[in-house]
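Please look over the model shown here before reading on. My notes follow as numbered points.

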2 protein chains.
Amino acid sequence: MDTEQIHRQQEIEELRVALESARTYELESITENVRTQEIVEVWEDLSDERQGEVLSVLSPEKAAEILANLPEDEQPQALDTLSADRAQSILEALDPDDLADALQALEDYSPERAETLKGLLAPEIRATAEELSRYEEDEAGGLMTPEFVSVGANMTVSQVIRFLRRASPDAETVYYLYVQETDGRLIGVLSLRDLIVAPEDQRVREIMIPDVIHVTTDTDQEEVARLMADYDFPALPVVDADGHLVGIVTVDDVIDVIEDEATEDIHRLGAAPVDVDYARASPWEMFLKRAPWLGLLLVSMSLTFNVISHYEGLIEQVTILAAFIPLLIGTGGNVGSQIATVVVRSLATRELETRDFPKVLGKELITGLCLGLSLAAFMFVYVMVFRGDFDIAIALAITMILIALCANLVGATLPLVFRRLGIDPALTSSPGITTVMDVVGLLIYFQIVLIVLGHILEG
Amino acid sequence: MDTEQIHRQQEIEELRVALESARTYELESITENVRTQEIVEVWEDLSDERQGEVLSVLSPEKAAEILANLPEDEQPQALDTLSADRAQSILEALDPDDLADALQALEDYSPERAETLKGLLAPEIRATAEELSRYEEDEAGGLMTPEFVSVGANMTVSQVIRFLRRASPDAETVYYLYVQETDGRLIGVLSLRDLIVAPEDQRVREIMIPDVIHVTTDTDQEEVARLMADYDFPALPVVDADGHLVGIVTVDDVIDVIEDEATEDIHRLGAAPVDVDYARASPWEMFLKRAPWLGLLLVSMSLTFNVISHYEGLIEQVTILAAFIPLLIGTGGNVGSQIATVVVRSLATRELETRDFPKVLGKELITGLCLGLSLAAFMFVYVMVFRGDFDIAIALAITMILIALCANLVGATLPLVFRRLGIDPALTSSPGITTVMDVVGLLIYFQIVLIVLGHILEG
């Protein structure tokens, strides 16, 4: 941790203590010079009552900024502690996309309260929010804000500057000026920098970039994030089906998307529930979300019981065979989840595509064989040392090669097959692969043992 | 997939075919109107020779843009196919931070070639790159570019605008103007939008925001990403130990950081090697990077052999006990990796902190117990149906409760313990937890069996 970071953490801690222990009339002076983001960071540690008091003493703009930065499931609760008047003024100060999200969250939490507050909003603000809420949450339409700045192609540079002075838009929405045809179609883009360095009497048409990278309202949020990362823009324009400019997506929304998508993949890979906010979920909620996955895996794994009890006679004759079961199937699971993890992530970051299937297969045949041979060598030595039985050592070595090879191929190709079938590749979770390899590994094990030890077994 | 996306993929595919099949003299006209990012997307599919030809026909600026957007391990190879002259002009057209990265990559690839090319660079360009390469790659100093635009506090708005017209900086570096004291200290920030809406004779000092959110050169890249995401800035200023402004980090660098950090966590959770570019690694490289983890896990897992062979006598008497081993320890692994995944990700996104340890412990005691009870109920019914042995069914149910509870506590708390010890919590990988729970689960199993079945066992 660098000094800057330690200093920042001290400041946050001081703020937390100050906010917690302050009397109500002191809150205003405490929060006056504090950055909203810092209040957001200590938010969770404040009592519900204190949260309401803080939102009440701040200016509606500052309160709105805090509200917009709270996790979505904290928002309804915060709005619920406020008087209707106060809630209304804060909601009206929100950016339209944040307002739409906040109303949506409130509706899920308390439909009546949402209805009441909606009724209080200024008609045009309410209309914009309702317009935005029609779009899917995980598409560009659901991410965008309609607060862009657009100019006409025939305006001169000095006209644009006069227009900007008059309109005085938010700093965040004017990294770029978008150029619209009179019918609303997006035909160009202009950076503020281009505007400043251009001669005053030049027309926008002459200095704009005509071929604008854009997305449509139904572009998937992952695609939006990828485009933004690839092209290094702080904002991307969004057009509707007719090419009319309807909004912009800014980089902060995209950072959230990238983090959320990574979280989703990570949770899927661990066979954990994906739509969970762990810090806030109750044990009971967590139980309800986790149990179905674990139940499904347990039912699938119960096949291992059938396999082993099928070979019960074999184990009765050579009991020690049972002692190797966890080692063999565990390694299968490890090999498989290791490579599945790498392939799933490569698919997510687009380093791999489904058309790479043959390449992956060829590569993992070799890697799997190398891994199998090394792990088998370990097993052979291990069995010779601890058991001194050459036949069993050979059987285990062969089993290990086959399990590693098989696990490696399953782990590498299953995510690609899933992607091709339109299923999220991250669903080839470590627990999932482990379960599959438990069953497959046992079948391989007992078959190999029967072949290798066949001559010394009875009947 | 929306229509926009399909259309884009078709364009990319057409470009690939065109670039592959074109004659050398046609390359210039093909690439003339194509966005550099699109060339980057098809890059991998081109032959080495064709890659060199493309870089040679483009303007140095466009070639530099392509080079900067290639994965770091592709850069040295691309530079190697070019004439020294050509390589020099492309390198000189790179942004300083990209140049520093490219030279670093080239040095790792071929120190002689790096030395030769460095010698050809203009002295001031070379000096800047060498300056930047002194910083750690994963800290703000290693991410930043020194190409910021700064102004004096006493300049008037019209002076600043005249200055910008003259300097004509890159669009990407002027979302904000930074205000420096005469000694170089950062004392304020000004958005272009503030500049445009301000009266012409106002001084910068009067309209700047004096309290600038900034990082220092040694701030960790994760912290930089978090600040940028929290505050929604497209650029963050970087100061040295004395508060002098030395560079800015832009949002494209930060998006890369967020994706890389997520990839690292995902790989660790799958016990996969973290510094691997799967699409480009050879099977042998992959083997060398994966084998140590698998070997370590296998050695740890070999403890299961010791546990089981210790209870060999027990299995000889009741062989069917062996058939439940995968089910029991597999479920332990699944429960543990499920919760570890959630906790590790919550720690990464700062929803959880180490101080939440008691809260997590309490929560997971309850969740673990609920999960254990439900899984035990399944096991009890399963054994009664398939085996009809009440004693064994009871033993398995109790075992299942204890394993689930224990796995849940280990999976939930180990990441927190790791974080507290300064170890990456993501190292509590699914395979790692699975391995631990294999051993612990077996010990629980056999102890419970001995207690419950004690009265019917011999000796």
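**Notes on the predicted model**

1. Start with one residue. Ser430(A) sits in helix α22 of chain A, which spans residues 430-453. Helices (H or I, at least four residues) and strands (E, at least two) are DSSP runs numbered from the N terminus. Ser430(A) counts as buried because its relative accessibility is 6%. Buried means under 20% relative accessible area, exposed means over 50%, and partly exposed lies in between (1.4 Å probe, protein chains only). Leaving aside residues up to four places away in sequence, Ser430(A) touches Leu269(A), Ser337(A), Thr341(A) and Ser430(B). Contact here means heavy atoms within 4.5 Å.

2. A word on conventions. This is a predicted model, in which local features need pLDDT of at least 70 and side-chain atom pairs count only at pLDDT 80 or more, while totals for chains, interfaces and linings use all residues. Residues are numbered from 1 along each chain as its sequence is written, chains are lettered from A and ligands numbered from 1 in the order in which they are written, and side-chain values use heavy atoms, with hydrogens and water left out.

3. Next, the domains. Chain A divides into domain 1 (3-134), domain 2 (150-266) and domain 3 (283-458). These bounds come from an automatic or database domain assignment. The C-alpha centres of domain 2 and domain 3 of chain A are 51 Å apart. Five residues from domain 2 of chain A and six residues from domain 3 of chain A make the contact.

4. How much area is buried between domain 2 of chain A and domain 3 of chain A? The figure is about 470 Å², and carbon and sulfur atoms give 34% of that. Buried area is the accessible area (1.4 Å probe) that two parts lose on being put together, summed over both. Glu223(A), Arg226(A) and Asp265(A) supply 79% of the area that domain 2 of chain A buries against domain 3 of chain A, more than any other three residues.

5. What holds charge at this domain contact? There is one salt bridge between domain 2 of chain A and domain 3 of chain A. Glu223(A) forms a salt bridge with Arg350(A), with the closest N and O atoms 3.2 Å apart. A salt bridge is a side-chain nitrogen of Lys or Arg within 4 Å of a carboxyl oxygen of Asp or Glu. On the domain 2 side, α15 (221-231) and α16 (251-269) of chain A each supply at least two residues. α16(A) gives the most, with three residues. By class, that side has one nonpolar, no polar and four charged residues.

6. Now the chain interface. 135 residues of chain B are in contact with 136 residues of chain A. The area buried between chain B and chain A is about 11700 Å², with 62% from carbon and sulfur atoms. In chain B, Ile196(B), Tyr278(B) and Phe305(B) lose the most area to chain A, together 7% of what that side buries.

7. Which helix gives the most to the side of chain B that touches chain A? It is helix α17 (residues 283-310) of chain B, with 18 residues. By class, this side has 70 nonpolar, 30 polar and 35 charged residues. Ala, Val, Leu, Ile, Met, Phe, Trp, Tyr, Cys and Pro count as nonpolar, Asp, Glu, Lys and Arg as charged, and the others, Gly among them, as polar.

8. Salt bridges also cross between the chains. Eight are found across the interface of chain B and chain A. One joins Arg355(B) and Asp45(A), at 3.9 Å from N to O. Glu259(B) and Arg226(A) meet in a salt bridge too, at 3.5 Å. Glu259(B) lies in helix α16 (residues 251-269) of chain B, and Arg226(A) in helix α15 of chain A. Buried or exposed? Both Glu259(B) and Arg226(A) are buried.

9. Last, pairs within chain B. Glu131(B) and Arg134(B) meet in a salt bridge at 2.7 Å, N to O. Glu131(B) is partly exposed, with a relative accessible area of 41%. Arg134(B) counts as exposed because its relative accessibility is 57%. Arg185(B) forms a salt bridge with Asp183(B), the closest N and O atoms being 3.1 Å apart. Over all chains, the count comes to 34 salt bridges.
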